[in-house]
2 protein chains.
Amino acid sequence: MQFELTREFIDKLRIHIDNKEEVAAFEMVKELHPADIAEIYEELDIDEAKFLHLLLDGETAADVMVELEEDDRERFLEALPSEFIAKQLIDKMESDDAADLIGELSDEKQEEVISYIEDLDQAGDIVDLLNYDEDTAGGLMAKELITVNENWNMPTCLKEMRKQAAEIDEVYYVYVVDDNNILKGTLSLKRMLLASANANIKNILNTDVISVRTDTKSEEVANIMEKYNLVALPVVDALGRLVGRITIDDVVDVMREEAERDYQLVSGITTDVEHSDSPWLLTRARIPWLFIGLFGGIIGALVIGNYETDLGLYPQMAFFIPLIAAMGGNVGVQSSSIIVQALATNSLGFDSIGKKLSKELLVAGINGIILSTVIFTYNYFFSDSFALTITVSCALFSVIIFASLFGTFVPMFLGKMKIDPALATGPFITTVNDIMGLFLYLMIGRLFFAIF
Amino acid sequence: MQFELTREFIDKLRIHIDNKEEVAAFEMVKELHPADIAEIYEELDIDEAKFLHLLLDGETAADVMVELEEDDRERFLEALPSEFIAKQLIDKMESDDAADLIGELSDEKQEEVISYIEDLDQAGDIVDLLNYDEDTAGGLMAKELITVNENWNMPTCLKEMRKQAAEIDEVYYVYVVDDNNILKGTLSLKRMLLASANANIKNILNTDVISVRTDTKSEEVANIMEKYNLVALPVVDALGRLVGRITIDDVVDVMREEAERDYQLVSGITTDVEHSDSPWLLTRARIPWLFIGLFGGIIGALVIGNYETDLGLYPQMAFFIPLIAAMGGNVGVQSSSIIVQALATNSLGFDSIGKKLSKELLVAGINGIILSTVIFTYNYFFSDSFALTITVSCALFSVIIFASLFGTFVPMFLGKMKIDPALATGPFITTVNDIMGLFLYLMIGRLFFAIF
């Protein structure tokens, strides 16, 4: 039932395309799901993909466009004339996908494409949708809805629904509104199955409906749909009038993107890149973090430089520089990641900052005691300097405590300032902790080497 | 429409609970969604939550249990008698949630609870579901389905569907089977709305249905539902007989958990923990990574120890130790994260390992040249040793190249070995790169300080 893309499949398809064997090429893909065809495009070069695309029927061609990765789609659209985009693609898409696609075009091309759309209702919907911010409920929603009036009875309702359903890909809910288009509730397939043939909508609708406003942030939309296990969510305007609906598949994309972004931030990658992007794009996404690391390293060098005499006197101090610096960075990232995740899922609860820091202090204390004891034991047996032994242990303990508290505090502070707390898992925390670790280590070393 | 949990709400509710004011407490929660009530429980202690729970009606009480976090639920269930669990909770749940809940109990308690279930069909379904691995389609699916026979006509079908719908929370699709219960297709609300009143099922079913087998891995289930934008996915056995269905909300949890796990691995946290877990659990999740870091640090110390004489001769070498070590770690994590993500989303394509390594080499080369030039310029003006200047630059360049290739190779190798490649973003890569970085730095230093 499911298609598995293989090297052999692509090679065979390529041969057909290169030989311009339209029938043979079409035979290979005609039974496939649009998502599978989109996957095939990613293995072809742009001319091969275009050859294949022109063989598809309009509906499939439009669906494939929706399934393509944004970068690939943009490149693809550039190669197509505006009239073709409007009449062959946009015409067969739901309004949210159409608006997303048009939103990716240059301003000039946008106007051109819109002017070619023949269905004025659809053109109006798309222009409406383009006005919303991309990362709000308005930017996610589609205008296609099945709506019925609460004053209708079941037979009228069925007739109306039938009319409207023809336009829509997939129906999960029927929305119920009053005469002013204010959202009143929903009808689900289950409710309709169980309703008697002549029931009045008013008596069978489910009024317990969760909705969002057009300006609700996408992340909140995702959290709401996840929390309440919804497959579709109605969107209302400031007056409570029904204007669109968001389906779970759009939100799954939001969630995936959000998770990937956090993952990339903590890995030290700044923009949304993928393995298949160009080396230049990959470099650009990675180098800012490395620059921060470089800058941190230079400050670290200056810090150590201040203690050059001590290092000259006790060169063994240098042995544990990487250990102390790395542990500071590691502990800090651990602490901040836990807070960032709690913030992202809204599960931080109502404890005060003080209480959270005390808890982190306890965790850091346990970790610190265990690790300092281990390194103390190691150095006690394998190092000939007791001053070094005690310096490394004390410094490690101090660094773990400092990095934990700092790693907890920074994302909480960023969250309060309405700055994305995930930024705190990246370069900043690690670098500051590296440097602070070095500083503490060398300070403590100077002290203990003077004593012992 | 939506409930926002506040400190004041909890405080007020607590006062009612502490004063045993049942009516007042119930008034505060009776209108809330089960997911909101579950959120409230997390702010209460276990006795307060139990007091509230006993006020709820059976349906809501069961739904709240489903919404609770796994840890909280386990603690909660321990406090409840088996008979209550079977008759008040299990009885009102869908089979997948019931099986998850029972699966969390001790073996002994499991048997006890199952023996109390009065509905033998449901008990049978649950026992069936408990046999499947938790992380397979069988472990995710529910047994509640609406199935119709392909040979029926619409009126028979509607009658049957009505009977079955009463048992099910939410209906997205009606599944069509043949006489042997082999899955033939689906009917959606849209199809049913558009069908004529006397249509035969055979003529209106959608045969283009995607299904998975009971032993399909959960991650693959999630990838399939995301790729094909499905809200429900039928599960078949080895013979193609329909045995259950997975809904998108269960898969959203799988996706969220997978993303969190990757995020935690790259942050150096080993098991699935949350901010609200006990300090002991948090320590246990964090310390293995720190131990690897400590172990790496000790090896680092041994490496540096081997060059003690050189460091005594050129103490300025010590200044850049943290920079070199940190850059190796950073570059390695960047490289491996990109590969890990590509593997997770199946988007690695068909390029050979050699081609991927050459691409990474190019990216590393650009990064390396830029960063080495910057540090060269810095040291040229601010350091008095030309040998140091050239050593740091060359070492930095070599480290970036090594760490990139190693960071790319390891997750690809793990993936090939069927080991979770996300492990490669964690401790191992960073530590090896730290040590290799030091080694290269000191080797190159010895060479250049001998020359210049």
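Q: Helices are DSSP runs of H or I with at least four residues, strands are runs of E with at least two, and both are numbered from the N terminus. With this in mind, how many helices and strands does chain A have?
A: The model is a predicted one. Within it, chain A contains 22 helices and 6 strands.

Q: How is chain A divided into domains?
A: There are three parts: domain 1 covers 7-135, domain 2 covers 147-252 and domain 3 covers 279-451. Between the C-alpha centres of domain 2 of chain A and domain 3 of chain A the distance is 52 Å.

Q: What does the radius of gyration say about chain A?
A: The radius is compared with the value that a globule rule gives for a chain of that length. For the 452 residues of chain A the rule gives 22 Å, and the radius of gyration is 30 Å, well over that value, so the chain is more spread out than a compact globule. The C-alpha trace of chain A spans about 95 × 65 × 45 Å along its principal axes. Of its 452 residues, 56% count as buried.

Q: Where else does a residue other than glycine have a positive phi?
A: Most residues other than glycine have a negative phi. B:Asn229 has a positive phi near 50° and sits in the loop between helix 15 (218-227) and strand 5 (232-236) of chain B. A:Lys20 is not a glycine either, and its phi is positive at about 55°. The loop between helix 1 (7-18) and helix 2 (22-29) of chain A holds A:Lys20.

Q: Is A:Lys20 buried or exposed?
A: The cut-off for exposed is over 50% relative accessible area. A:Lys20 is exposed, at 57%. B:Asn229, at 28% relative accessibility, counts as partly exposed.

Q: How many cavities of 30 Å³ or more are counted?
A: Rolling a probe the size of a water molecule over the atoms shows where empty space is left. The count here is 9 cavities of 30 Å³ or more. The largest cavity has a volume of about 500 Å³.

Q: Which residues lie nearest the centre of the largest cavity?
A: Its lining consists of 35 residues, and those nearest the centre are A:Asn330, A:Thr430, B:Ala326, B:Asn330 and B:Thr430. Two or more lining residues come from each of helix 16 (248-267), helix 17 (279-306), helix 19 (321-344) and helix 22 (427-451) of chain A, and from helix 19 (321-344) and helix 22 (427-451) of chain B. Helix 19 of chain B provides the largest share, 7 residues. By class, the lining of the largest cavity holds 15 nonpolar, 18 polar and 2 charged residues.

Q: What lines the second largest cavity?
A: The second largest cavity has a volume of about 350 Å³. It is lined by 21 residues, with A:Ala259, A:Glu260, B:Met255, B:Ala259 and B:Glu260 closest to its centre. At least two lining residues are supplied by each of helix 16 and helix 19 of chain A, and helix 16 (248-266) and helix 19 of chain B. The lining of the second largest cavity divides into 9 nonpolar, 4 polar and 8 charged residues.

Terms used: Residues are numbered from 1 along each chain as its sequence is written. Chains are lettered from A and ligands numbered from 1 in the order in which they are written. This is a predicted model: local features need pLDDT of at least 70, side-chain atom pairs count only at pLDDT 80 or more; totals for chains, interfaces and linings use all residues. Side-chain values use heavy atoms; hydrogens and water are left out. Domain bounds come from an automatic or database domain assignment. On a 1 Å grid over the protein atoms alone, a cavity is a set of points where a 1.4 Å probe fits but cannot get out, and a pocket is an open set with protein on both sides within 12 Å along at least five of seven lines; lining residues have an atom within 4 Å of a point. Grid points are joined across faces, edges and corners, and a volume is the space filled by probe spheres set on the points. Ala, Val, Leu, Ile, Met, Phe, Trp, Tyr, Cys and Pro count as nonpolar, Asp, Glu, Lys and Arg as charged, and the others, Gly among them, as polar. The radius of gyration is taken over C-alpha atoms; the globule rule is 2.2 Å times the number of residues to the power 0.38. Buried means under 20% relative accessible area, exposed over 50%, partly exposed in between (1.4 Å probe, protein chains only).
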